Amino acid sequence: MQQFLVSGGATLKGDVVISGAKNAALPILFATILAEQPSVLSNVPVLKDIDTTFKLLRIFGAQVSRDDHQVTVDATAIHSQMAPYELVKTMRASILALGPLLARFGHAEVSLPGGCAIGARPVNLHIDGLRKMGAEITVEAGYIKAKAARLHGAHIFMDIVSVTGTENLMMAAVLADGLTIIENAAREPEVVDLAKYLIAMGADIQGAGTDTIRITGKEKLHGAHHTVLPDRIETGTFLVAAAVTGGDVTCLNASPAELEVVLEKLREAGADVSSGPDWIRLNMTGRTLKSVNVKTVPHPGFPTDMQAQFTVLNVVAEGVGMVTETIFENRFMHVPELQRMGADIQLEGNTALIKHTDKLMGAQVMATDLRASASLVIAGLVAEGDTIVDRIYHIDRGYEQIEHKLKGLGARIQRINAPA
Ligand SMILES: CC(=O)N[C@H]1[C@@H](OP(=O)(O)OP(=O)(O)OC[C@H]2O[C@@H](n3ccc(=O)[nH]c3=O)[C@H](O)[C@@H]2O)O[C@H](CO)[C@@H](O)[C@@H]1O
Ligand SMILES: C=C(OP(=O)(O)O)C(=O)O
């Protein structure tokens with residue numbers, strides 16, 4: 001098992017190139033299933049979750065090749081519609097195979113993803129929506145089994161805003177018969193990026209990025225070329241790392257438009273934030289970091305995937321900050337680890353009250369999920385002494401070469417093998 005050894009005290013400075021968004025690349029890779037022609041995708045990040053998706057697509061019978069950050073998928077010869085538990089359990093986003101397989105082949109069998117560290121994360125909205133579109137769905141022995149000779153359009157009201165739920169239904173609707181309306185749809189930029197790719201494949205989609213999406217199904221879609229949008233969460237993570245270390249970092253190949261609320265919070269925290277069309281600079285030189293209150297909500301509100309990083313920001317900042325998590329019921333697993341490093345955090349229900357800590361101390365800490373891992377690395381950058389972050393396979397799911405990118409900014413971080 002691998003670990004990160006982070007030696008605190010460096011001030012991050014310089015440029016870092018942001019990768020394509022994991023949460024856009026994943027649905028887009030699954031959407032390639034919808035066409036009987038190859039698609040070429042650019043700016044696909046090199047990540048564990050992307051490798052898992054390649055494995056699933058190959059199990060289905062698709063041909064997948066990668067040349068650096070460009071990926072070609074030819075789903076013409078798909079012969080299996082079964083996503084096995086062994087892979088699904090390592091990546092919840094595997095549920096995104098359900099909509100496209102069902103829409104193109106009339107049947108699909110996808111393992112239930114189950115819960116994870118951050119919450120139960122049910123998929124009832126995916127199933128209910130597909131049923132409304134005419135699918136017969138049973139759940140047997142941990143597998144979702146879905147059938148429909150051809151899906152039909154439906155008027156679907158989502159009880160809760162769900163990102164992958166919206167994406168799954170959108171991918172099913174593009175080959176369904178007639179009009180589908182998804183109300184209370186997720187407005188996340190990754191939903192919009194998926195819609196752009198589907199439209200490039202010939203789909204008729206209106207309203208992606210608003211809470212009502214209208215999709216008129218087509219008989220067939222074709223292959224397309226698409227460039228995945230920059231990862232706003234990776235960008236935000238580097239900006240927080242720059243802020244807490246008093247640094248001056250410019251994120252290149254970034255997209256400020258998708259990160260407005262986070263940039264505003266960083267300004268409120270005292271950072272000098274400037275941006276251009278594809279870059280964002282955060283300069284903290286000579287400035288004092290102040291605590292900020294954040295409450296996670298669906299886009300365009302403050303993203304839950306930035307909550308753990310802002311928890312650390314508040315640990316370092318002057319004052320008292322309040323962080324409220326409203327999306328996932330158990331997304332504070334980083335808190336006990338940060339407390340082991342000396343953080344003063346009181347957890348009450350879904351709210352963390354965070355007081356400034358003069359000195360974080362390096363410690364051995366355990367990563368529990370993707371963003372929690374990132375927050376522990378950030379804490380290690382400002383802590384006195386060495387921090388060892390265990391179970392970094394979580395971070396490899398969603399951050400491309402994080403240690404190389406951080407080293408490029410002056411951080412002292414190494415990937416090491418855990419003692420046997
Ligand atoms: C691969 C991907 O894009 N992952 C993102 C996606 O996850 P994901 O799409 O899994 O998250 P959802 O938006 O679906 O979850 C939002 C809330 O809805 C609940 N829910 C969801 C579906 C459902 O059928 N029933 C139900 O009750 C969930 O338990 C959660 O409380 O959006 C989350 C919220 O922005 C992000 O943290 C994840 O990084
Ligand atoms: C929670 C996340 O991912 P996933 O939905 O893939 O678990 C994330 O990207 O922070």
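Reader: Is the crossing of α4 and α6 right-handed or left-handed?

Author: This is a predicted model. In it, the axes of helix α4 (residues 98–105) and α6 come within 7 Å. The crossing of these two helices, α4 and α6, is right-handed.

Reader: At what angle do the axes of α4 and α6 cross, and is α4 roughly parallel or roughly antiparallel to α6?

Author: The axes cross at roughly 15°. Angles under 35 degrees count as roughly parallel. That angle therefore makes α4, relative to α6, roughly parallel.

Reader: Which residues make the contact of α4 with α6, and how many of them are charged?

Author: From α4 come Leu-98, Gly-99, Pro-100, Leu-102 and Ala-103, and from α6 come Asn-168, Leu-169, Met-171 and Ala-172. By class, the contact of α4 with α6 has 7 nonpolar and 2 polar residues, and the number of charged ones is no residue at all: none.

Reader: How are α1 and α2 oriented to each other, roughly parallel or roughly antiparallel?

Author: The axes of α1 and helix α2 (residues 48–60) come within 10 Å and cross at roughly 5°. The cut-off for this class is under 35 degrees. The two helices, α1 and α2, are therefore roughly parallel.

Reader: Which residues of α2 are in the contact with α1?

Author: On the α1 side, the contact is made by Lys-22, Ala-25, Leu-26, Leu-29 and Phe-30. By class, the contact of α1 with α2 has 6 nonpolar, 1 polar and 2 charged residues. The α2 side consists of Asp-49, Ile-50, Thr-53 and Leu-57.

Reader: Into which domains is the protein chain divided, and how many Å separate their centres?

Author: The protein chain is divided into domain 1 (2–19 + 231–417) and domain 2 (22–227). Taken over C-alpha atoms, the centres of domain 1 and domain 2 are separated by 30 Å.

Reader: Which helix gives the most to the side of domain 1 that touches domain 2?

Author: In this contact, 19 residues of domain 1 meet 15 residues of domain 2. By class, the domain 1 side has 5 nonpolar, 5 polar and 9 charged residues. The helix that gives the most to that side, with 4 residues, is α13 (residues 393–398).

Reader: Which of the residues around ligand 1 come nearest?

Author: The shell around ligand 1 draws at least three residues from each of domain 1 and domain 2. At least two residues of that shell are supplied by each of α1 (22–31), α5 (124–132) and α6 (163–173). By class, the shell divides into 9 nonpolar, 8 polar and 4 charged residues. Of the 21 residues around ligand 1, those that come nearest are Asn-23, Leu-125, Ser-162, Val-163 and Thr-164.

Reader: Which residues are around ligand 2?

Author: The shell around ligand 2 also takes at least three residues from each of domain 1 and domain 2. By class, this shell divides into 2 nonpolar, 2 polar and 3 charged residues. Its members are Asn-23, Arg-92, Ala-93, Asp-305, Leu-370, Arg-371 and Gly-398.

Reader: What is the omega of the cis peptide bond that joins His-299 and Pro-300?

Author: Most peptide bonds are trans. The bond that joins His-299 and Pro-300 is cis, and Pro-300 is found in the loop between β18 (294–295) and α10 (307–316). For this bond, omega is about 10°.

Reader: Where does Asn-43 lie, and what is its phi?

Author: Asn-43 lies in the loop between β3 (38–42) and α2. Most residues other than glycine have a negative phi. Asn-43 is not a glycine, yet its phi is positive, about 60°.

Notes:
Residues numbered from 1 in each chain as written. Chains lettered and ligands numbered in written order. Predicted model: local features only at pLDDT ≥ 70, side-chain atom pairs only at ≥ 80, totals over all residues. Near = placed C-beta within 6 Å. Nonpolar A, V, L, I, M, F, W, Y, C, P; charged D, E, K, R; others polar. Domains from an automatic or database assignment. Axes fitted to C-alpha atoms, helices over the stretch in contact; angles between N-to-C directions. Parallel < 35°, antiparallel > 145°, perpendicular 65-115°, else oblique. Left-handed = near helix turned anticlockwise from the far one by under 90°. Contact = placed C-beta atoms within 7 Å.
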